[in-house]
Amino acid sequence: MLFKEIIEEIQKAKRIGLSFHVSPDGDAIGSTLALLNTLRCLGKDSYIISRDVISDNLSFLSFAEEIDGNTLEPDKETDLVIILDCGNVARISADLSNYNGKVINIDHHVSNEQYGDINYVDSTSAATGEISYLLSKELGIDFNNRNKETLAIGTAVYASIVTDTGGFRHSNVTKRTHEIAAELIELGVENSRVHSNLFENKPFNKVKLMGCVLSNIELVLNNKVAVLEIPNGMLDAFNLPHVDTSDIISVGLGIKGVEVAVLLKEVEDGVKASLRSKNDVDVRKVAEVYGGGGHVKAAGVMQKNVNLSKAKDNLLNSLKEEMKIWMEY
């Protein structure tokens, strides 16, 4: 079992850095903070490496304040780096170019590039948080013992699962997903409080941003694809430079007749895109054309040195090929 190798590396490491993918979502943050809480519970010297900052709706998680964008690379005392929920090196929210120690890659994306010295990639997991939970158990955390530490770990795991399964509605949900959720609720994790923090705690400006983006939504490719755009400067105009935008793309996917939603976000060096699929369109394949990746129904990609118009054309051309069966109707 690869868990054995991971545990051996964790036990002998003197200082451990943890990171995740750029523009981290609830699973990236939840799975990482679950493991960070676990490591500190075990007395391990551990810390976060990230060029990103945490979005406001995840700030309730234990040690969330340490994801502040100030630690960009491992320090010289670090002898182990663990990357969670990140399928390829290019998307790691940390600069590892000067790091010569071991890297452990823990993920659930089918498209994972196996870039670690140790790779634990379980595509049957609905969220990487599931893996963090199982690893925490193997490391000796007793989730039958309710205390501040186990609740902090459990809450982070629950947040990761809820966000990456769309509130348990996506097809990636398994029997084990529900079993883990049941164990966490039995532990004392307040599922309604987690849900409220994640989805019912929007800043007023976030609601106005959503309205602005949705007012310009387009339906293309026989009205099967919803396209939403966040041009450069829009987030700053609403004073929301680090806001999570995953709920905006969900609105696009919720339109009757739409099979795919695309959210394009213009950044300094190009355009980031999130893609979501409702039924059988494999958006991972579309993202992979431009160096991205993810899941069949949820993927992401960064196109560098292009504007919004070019990035949109690129993705729609690839989507048109992938959606040929849909385009006949």
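The model is predicted, so local features are given at pLDDT of at least 70 and side-chain atom pairs at pLDDT 80 or more, whereas totals for chains, interfaces and linings use all residues. Residues are numbered from 1 along each chain as its sequence is written, and side-chain values use heavy atoms, with hydrogens and water left out.

**The second largest pocket**
- The second largest pocket has a volume of about 310 Å³; a pocket here is an open set of points, on a 1 Å grid over the protein atoms alone, where a 1.4 Å probe fits, with protein on both sides within 12 Å along at least five of seven lines.
- Its lining comprises 18 residues, of which Ser62, Lys148, Glu149, Leu151 and Ala152 are the closest to the centre; lining residues have an atom within 4 Å of a point.
- Two or more lining residues come from each of helix H2 (26–41) and helix H4 (148–164), and H4 gives the most, with six residues; helices are DSSP runs of H or I with at least four residues, strands are runs of E with at least two, and both are numbered from the N terminus.

**The buried side of helix H7**
- In helix H7 (residues 204–214), Lys206, Leu209, Met210 and Val213 are buried, where buried means under 20% relative accessible area, exposed over 50% and partly exposed in between, with a 1.4 Å probe and protein chains only.
- These four residues lie on the same side of H7 because they cover an arc of only 100° around the axis, the arc being that of the directions from the helix axis to the C-beta atoms.
- The cover over the buried residues of H7 includes strand E7 (225–230), helix H8 (234–237) and helix H9 (246–253), with contact taken as heavy atoms within 4.5 Å.

**Cysteines**
- A search of the whole structure finds zero disulfides, a disulfide being a pair of cysteine sulfur atoms within 2.5 Å.
- Cys86 is buried, at a relative accessible area of 0%, whereas Cys212 is partly exposed, at 26%.

**Positive phi angles**
- Most residues other than glycine have a negative phi.
- Asp85 has a positive phi, near 60°, and is found in the loop between strand E3 (80–84) and strand E4 (102–107), where it is buried with a relative accessible area of 1%.
- Phe168, also not a glycine, has a positive phi of about 70°; it is placed in the loop between H4 and helix H5 (175–187) and counts as partly exposed at 22% relative accessibility.

Note on methods. Grid points are joined across faces, edges and corners, and a volume is the space filled by probe spheres set on the points.
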